[in-house]
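Trainee: Could you take a close look at one helix for me and walk me through what sits along it? I'd like the cut-offs spelled out as you go.

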Amino acid sequence: MPPPGGFESVKYKRNLPFRGPSGIVALGAVTAVCAYGFYRVGKGNLEKRELQREKVWSRIHLVPLLLAEGDRDAYRRQQAALAREKEIMKDVKGWEAGKSVYNNGRYRSADSIVVL
């Protein structure tokens with residue numbers, strides 16, 4: 001016979017522990033991380049573009065200075081070569097130091113001057 005008050009109820013439900021966030025939460029987290037990553041990549045591209053623009057403009061502004069420096073150096077070397085030629089050829093009659101042997105009056109800047 002059953003005990004007074006009846007039998008204990010049968011526990012048939014599964015008692016599973018919580019297994020973590022749902023798929024929607026994981027998808028939302030991945031989407032948020034990707035969105036933040038794309039945001040940072042975009043900001044990095046803007047900064048890189050700005051640095052490239054700054055480099056180009058700095059080079060544009062340095063070109064006249066570098067050309068003037070090159071012209072001064074070429075003039076200094078030319079005067080030194082002329083003085084050296086005068087010193088070497090001082091005993092030759094009719095020699096004009098600095099006169100072109102090509103008989104061309106047109107000035108052409110020297111691309112490179114090698115002094116030995």
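Mentor: Let's start with a definition: buried means under 20% relative accessible area, exposed means over 50%, and partly exposed is in between, using a 1.4 Å probe and protein chains only. Bear in mind that this is a predicted model, where local features need pLDDT of at least 70 and side-chain atom pairs count only at pLDDT 80 or more, while totals for chains, interfaces and linings use all residues. Residues are numbered from 1 along each chain as its sequence is written, and side-chain values use heavy atoms, with hydrogens and water left out.

Now to Leu82, which sits in helix H1 (helices are DSSP runs of H or I with at least four residues, strands are E runs of at least two, and numbering goes from the N terminus). With a relative accessibility of 23%, Leu82 is partly exposed. Leaving aside residues up to four places away in sequence, Leu82 touches Ala97 and Gly98, contact being heavy atoms within 4.5 Å. Ala97 is 15 residues from Leu82 along the chain, and their C-alpha atoms are 6.4 Å apart.

Elsewhere on H1, which spans residues 23–88, Tyr36 and Tyr39 are three residues apart, so about one helical turn separates them. The structure has one aromatic pair, and Tyr36 and Tyr39 form it, tilted, at 6.5 Å centre to centre with 35 degrees between the planes. Rings of Phe, Tyr and Trp (its six-membered ring) pair if their centres lie within 6.5 Å; planes under 30 degrees apart are stacked, over 60 edge-to-face, and the rest tilted. Tyr39 is partly exposed at 48% relative accessible area.
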